[in-house]
Amino acid sequence: MYDVAIIGAGIAGMATAARLQARGLRTIVFEAHGQPGGCAGFFRRRGFAFDVGATTLVDFEPGGVGGELLTDIGLSPVLGEALPGYVAWLPDRRVTLHRDSWAWSVERLRTLGDTPAHQRFWRWMDQLATVFWRASRAGVSLPLTGVGDVLQAARRVGLANLPLVRYLRWTMADALRACGLHEDRPLRGLLSLLLEDTVHASVEQAPLINAALGMTIRGAGLTRATGGMHGFWRRFTAHYRALGGTLRVGCPVQQVQKQHNVFQARTRRGDFFARQVVSAVPATLTARLIPELAPRLRPYLERDEKSLGGAIVEFLGVPEDEVAGQAFTHHQLMQDYDAPLGNGNNMFISVSAPGDHDSAPPGCRAVMISTHCQLADWQGLDADAYQQRKSEMGQRLIAYARRVYPRLGQAALVEEVATPRTYERFTQRPGGAVGGVRQMLTNSNQHAVPHDLGLPGCWLVGDSTWPGLGTVACVLGSRLVAERVLGRSQSRFGRSDSRRFGEALGHHASPKVRKSMRQEHLTPPAPA
Ligand SMILES: Cc1cc2nc3c(=O)[nH]c(=O)nc-3n(C[C@H](O)[C@H](O)[C@H](O)COP(=O)(O)OP(=O)(O)OC[C@H]3O[C@@H](n4cnc5c(N)ncnc54)[C@H](O)[C@@H]3O)c2cc1C
């Protein structure tokens, strides 16, 4: 019998499992694919390690949301390239999105306009970002379900900042209108790129506070781990196992049922029993796997059905000279202000850092080019039509990327393309929908899918629940869910078992766990 069974070894599932295991609970994670990571996973080819989705971890430095996770479980900081920023290539100009706040405040006025309206707009966005990043790091939790939640949220936002909460009903377009900047094409263009990538929504749809957070993620810190997500997961899973956790890969959960306060997870390798269960797969899959939750999830799933999207990624392993000549390793490109976003008109190029030989053999670099797409464009194609579309999209992405790297892909050692079909196959996401739903006023924050749907001992986490998509959101969700799981465990077991909850903390860790931590160069976690 396990204390907690976690379905899915993506970032949300693994972060939740590691937190609980570090608190002394006995956890097991089931993963359908042959390795952990999900949409933040990886694959290897001919000495290259490619990130299948997320290339950058957001806010993983000490003090950040991800940094708090690492401290909580006793894992040392991520080794890798802390990006100094990246470059946005708009159709008619380049804007360097510096991480440094002073450099960014100079650059945005220089490249996008220095009128009083622009200054007012940016001051406003800075204020929202500062207040709500602080609240996120403090663990603010939505949707609010009772007076206790309201009081806790108010404390975390800060009494002086409560008037800003009224902007929960505003969109980014409302803010631009209020500043008289709604028709400012370059500014709208840049915001469209940043919002499409972080809240998956347009300027017209994106809720203002979510948008202010999304467009400032680089200020919170973007890190590409050495070896990319392969390097990240190697360390993370070794640590989870050293804490005593069980990770079963290639072991999809077929169904979960609750009987007499115990959850039974059915898999091809037999049945497993746990006192609590965390579903860390998209809500659509949760509804299929846990029949008791299906009716509670149905209204959310029906509402969000049309707000799903897909991704296409071109993976290239190239000689180093094909990516020479640029100071930054990451770039975001828009080709046409007037064309719809996606299919290359908004794409992100991520190049492994120089000297990162876990990502690419010496003299070479790994390149990932990603863009959004409509799921419908990839449905109902026969084999030939699918191959043709896939090849055309790959070539299109390379052609656009040559604005930045003119010789990119000329002598590629590896070239592969991922489409919604690829994501469906390797992450089980229905239709290959990735990244959570497009966030709008009607389906985010207070209206988001909650972590608790009222089935005692059963929790939801991941990018289809609050706060939404991306590694930082999933990690914040893992913290909130782990707190609830622990709260329930402690109330069930009482004081006599309290030692179990601190078992894996530094001062309680068994000699075996301590030795294993030392071998992995890990520090035991600080007492809670
Ligand atoms: C192209 C692309 C680029 C991105 N770039 C970034 C970025 O740079 N930075 C960033 O922060 N975010 C980025 N994201 C978003 C980020 O990757 C995701 O939001 C996040 O990884 C989702 O994690 P998750 O744990 O919620 O879900 P998933 O990653 O989908 O994990 C769920 C896991 O559950 C497994 N599973 C499914 N069904 C079962 C079952 N029945 N039994 C057992 N296991 C099961 C799946 O195989 C999967 O491993 C990107 C996403 C994409 C697609």
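**Briefing: core, helices and sheet of a predicted model**

Residue A5 touches I28, F30, F263, A265, F272, A274 and V277, with residues up to four places away in sequence left out of the count. The structure is a predicted model. A5 also belongs to the largest nonpolar core, where A5, L195 and A212 are the residues with the most contacts inside it. The points below take up this core, then the helices and the open sheet.

**Nonpolar core**

- The largest nonpolar core comprises 155 residues.
- Helix α15, spanning residues 471–493, supplies the largest share of this core, with 10 residues.

**Helix α7**

- Helix α7 covers residues 185–198, and its 14 residues should span 20 Å at 1.5 Å a residue. The C-alpha atoms at its ends are 20 Å apart, which agrees with that expectation.
- Of the 14 residues of α7, 11 are buried, so the helix is largely enclosed by the rest of the structure.
- The buried residues of α7 are L187, G189, L190, L191, S192, L193, L194, L195, E196, D197 and T198. Among them, L195 is one of the residues with the most contacts inside the largest nonpolar core.
- After α7 comes H200, which has a positive phi, near 60 degrees.

**Helices α1 and α10**

- Two packed helices are described by the angle between their axes and the distance between the axes.
- For helix α1 (residues 11–22) and helix α10 (residues 228–242), the axes come within 9 Å and cross at roughly 35 degrees.
- The crossing in which α1 passes α10 is left-handed.
- On the α1 side, M14, A17, A18 and Q21 take part in the contact, meeting F236, H239 and Y240 of α10.
- An α-helix has 3.6 residues a turn, so residues three or four places apart point the same way.

**The open sheet**

- An open sheet is formed by 7 strands in the order β8-β7-β15-β16-β17-β14-β18, with mixed pairing.
- Its edge strands are β8 (94–98) and β18 (414–418), each of which pairs on one side only.
- On average, neighbouring strands of this sheet are turned by 15 degrees against each other, direction ignored.
- Strand β7, residues 85–89, pairs with β8 in the antiparallel sense over 5 bridges. The bridge partner of G85 is H98 in β8.
- Helix α13 (residues 383–401) packs on the sheet, where it touches β14 (310–319), β15 (330–333), β16 (347–351), β17 (364–373) and β18. The direction of α13 makes about 60 degrees with that of β14.

Terms used. Residues numbered from 1 in each chain as written. Predicted model: local features only at pLDDT ≥ 70, side-chain atom pairs only at ≥ 80, totals over all residues. Pairing = 2+ DSSP bridges. Helix = DSSP H or I, 4+ residues; strand = E, 2+ residues; numbered from the N terminus. Axes fitted to C-alpha atoms, helices over the stretch in contact; angles between N-to-C directions. Contact = placed C-beta atoms within 7 Å. Expected span 1.5 Å × (residues − 1). Buried ≥ 20, exposed ≤ 12 C-beta atoms within 10 Å, placed from the backbone. Core = buried A, V, L, I, M, F, W, Y, C linked by C-beta atoms within 7 Å. Left-handed = near helix turned anticlockwise from the far one by under 90°.
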